[in-house]
Amino acid sequence: MNRQRNVPTDPVDRVHLPVDEWRLVESRPNGDLGLMETLFATANGYLGMRGTPSEGRDVHSHGTFLNGFHETWRIHHAEAAYGFAKSGQTMISVPDCSVLKLYVDDEPLLLSMADLDTYERWIDFREGVMRRELIWRTPAGKRVKVTTDRMVSFTQRHLALLSMQVTMLDGSAPVAISSQLINRQDIADDYGKGIDGGPIATKDDPRQTTSFEHRVLEPQQDWHSQRRMLLGYKVADSGMTLAVGADHTVESDVEVEELIDTMPDLGRHVSRAELGPGDTLTVRKAVAYHSSRSVPHRELFDRCRRTLDRVRAEGFQKHYQDQRDYLADFWERSDVEMPGQPAEQQAARWCLFQLAQASARSDQWGIPAKGLTGSGYEGHYFWDTEIYVVPFLTFTEPSWARNALRFRANLLPKARERARELNQRGAMFPWRTINGDEASAYYAAGTAQYHINADVAFAFSQYVDVTGDLDFQRRDGVRVLAETARLWADLGFWRFSGNGRSSFHINGVTGPDEYTTVVNNNMFTNVMARHNLRRAARAVRELRAADPEAYQVLAAEIEFDEMELEQWDACADGMHVPKDETFGIHLQEDRFLEREVWDIANTPADSFPLLLHYHPLVIYRFQVLKQADVVLALFLRGAEFTPEEKRADFEYYDPITTGDSSLSAVVQSIMAAEVGHQKAALDYFRAGLFVDIADLHHNTSQGVHIASAGGVWNALVHGFGGMRQVKGRICFDPRLPAEWPELRFPLTVRGSRFRVRLVRDEISFTLEEGPEIEVSVREQDVTVTAEGVAVPLADQGPVLDDAVLATPVGLGDQRADGSIVTSYVPQDPEDPWQYPVATDPDDIIETG
């Protein structure tokens, strides 16, 4: 059985993180610090702050990030070759504003050592504020109530609001609150805690971030007045500029002394007072961050001042209310309800909240793989966004989706340059990047993933189909579609067979599964490229018919020849999609079945993920998948395959998929539900749902798996809700889990928002906003109106026995060439022989 399906029904420590359907709550401090810092991160898509304590320690890793704010560095290849990626990019930590150190009787509050009578920390997903309340019994025995708030604003993308309120419950004591701005990227704080340092080096784990030995943030100016402080920087190599400013408001029942000072890497505002029983001291801190690719820091200082002036004039409460109103609209458009499933409901809402925190105010920057919650993957943007996140945005928050796609459109010039470097026509989007340059040093699992082009094209096409935004299609989408299609037409080649027929082949690429690299005719790549070619031809023809003048501008801009349209059609129609008739499955790539099968069931648990324990060449010799590949193609382009093909493919590839990628479980859940493996579908759903909140991959400390969070929405709506979009038409074939009484979710399609309610014997639709809309349920057309409409359901689809998924299909069977399929685990040469050696062809020993 695939190990992803061994997840308990609720794998979360509910003593530490109790169930609350609308909140993430921590009942006690000092759990897994790295995990808690990620889970309690606050962000808005532009600015993100890890959930570190206000006191500044104890911490796993500090981190305050701005989307796209990065350092560049030269990639040093031990053996370089033409076209290898030259420039690495790493998201860097900007000055940390979260610190509000508390001293009572000159003793610091440190959670790891404090005697706490009570403690609770929480984020309510409806208000988007991290709050904490505790009662601290000081070393002198005095009880102090401490309340802190932290909010990164959705409505004011450059703004964060923080506060600390201290109340003496008994006794009297001198109290001090030290509010700080600290450049942790380059210096340590008072406790010797900075970000992880060290020279640029090869990493054992490619998911971790690069560190630097040079000063990254070069101070330009520091300034302060009575209540405001400003720090300005320039990034050493990328040349980006930054300003951060903080204002302070102090309230108390007693007289307070305030001190403020700045220096190049530190700003401090200290409030001191003598508090008696019942006295309170409150410090409110408004912080503004502004960055630029080139604008001088002095201009950014002025921008910070304007942001802070508004807060000074309007007060904190207005911004807290604006946050609640913003999120109320988000949940109205996005919430997926699972009555009777409180643990799943909490985790699902946490995932959806993370999608808002990663994308709401990215405002034409990309959406990093970890959002702005950690430094994992160096803040890079991947294909994950277009396949797992943009669909959620398209169906719930179309303006956010448009912004995410505008980012890709803005990278088109660099994508054209990269295509030239790879000796191709058209455009080639980078597999991982921040600034548009390819940043993957390992081309086999990076640059060779040409499917990124088709993934981008898929997202552009789906967005236009679902929203009807033809203006965007004609200005931005058609250019991206045309240039990506050109690459496929140039990259592939025609192969003529003896019967006079020909087919179009694409060689030397890597699909989504990074355990099978640089292969011929990767099925996912070819299927998605076929869609890319057809949609490009359609978009250009539609532009030519609707706006001849705009078409002429496009043709002149990209030197377009109308003969290319026929070429794209021919390439799409002739696309080779490999299939093996012996096993009745689509091949992941031409020679996939020639490999032996990796015996996942007998691989030690501590050997996963395989990429951290086996050389790539070892992995490449086996039938073993890091993540769903063929199965993902079946989902994205489902109308192109029969139900029988989908089932055969799923049952073949599922047992040999390790799930080492967090992207895998959610896709396997969707397709398991569709073909009828409904228990497996729920198992996989939970594996994706709890990937972060239960730290199932043991690396959530590096940041949230944003694409997996997007996949949770996809699994709920596409998997259990059975929703598909085919040529702009919305269709439903639901698969409600047997133990769930109900599922509800909203969708926005071409300006109409309607709510779907699924129970065991019917599915119903109610229009909430916009004009009436047509959908279909199992081939039955339905008009969605404000009065609502219900469609009876005879069942929730087929139900298959999951036993077939326990072991790989075909073990011991003959391939087409007569050889026998076997499975085993690669040996450790330090261990005794694990398997007997066959000395005679008739004595072949099969394992697994």
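Me: What makes A482 or F560 a residue that W568 touches?
Reply: Contact means heavy atoms within 4.5 Å. Leaving out residues up to four places away in sequence, W568 touches A482, A485, R486, A489, L533, A536, A537, V540 and F560. Bear in mind that this is a predicted model, where local features need pLDDT of at least 70, side-chain atom pairs count only at pLDDT 80 or more, and totals for chains, interfaces and linings use all residues. Residues are numbered from 1 along each chain as its sequence is written, and side-chain values use heavy atoms, with hydrogens and water left out.

Me: What makes a set of residues a nonpolar core?
Reply: The members must be buried Ala, Val, Leu, Ile, Met, Phe, Trp, Tyr or Cys, joined through side-chain atoms within 4.5 Å. Buried means under 20% relative accessible area (1.4 Å probe, protein chains only). The largest such core has 180 residues, and W568, L716 and F732 are among those with the most contacts inside it. Helix α10 (residues 523-546) gives the largest share, 11 residues; a helix here is a DSSP run of H or I, at least four residues, numbered from the N terminus. A second, separate core has 49 residues, including V104 and L281.

Technical notes: Buried means under 20% relative accessible area, exposed over 50%, partly exposed in between (1.4 Å probe, protein chains only). Helices (H or I, at least four residues) and strands (E, at least two) are DSSP runs, numbered from the N terminus.
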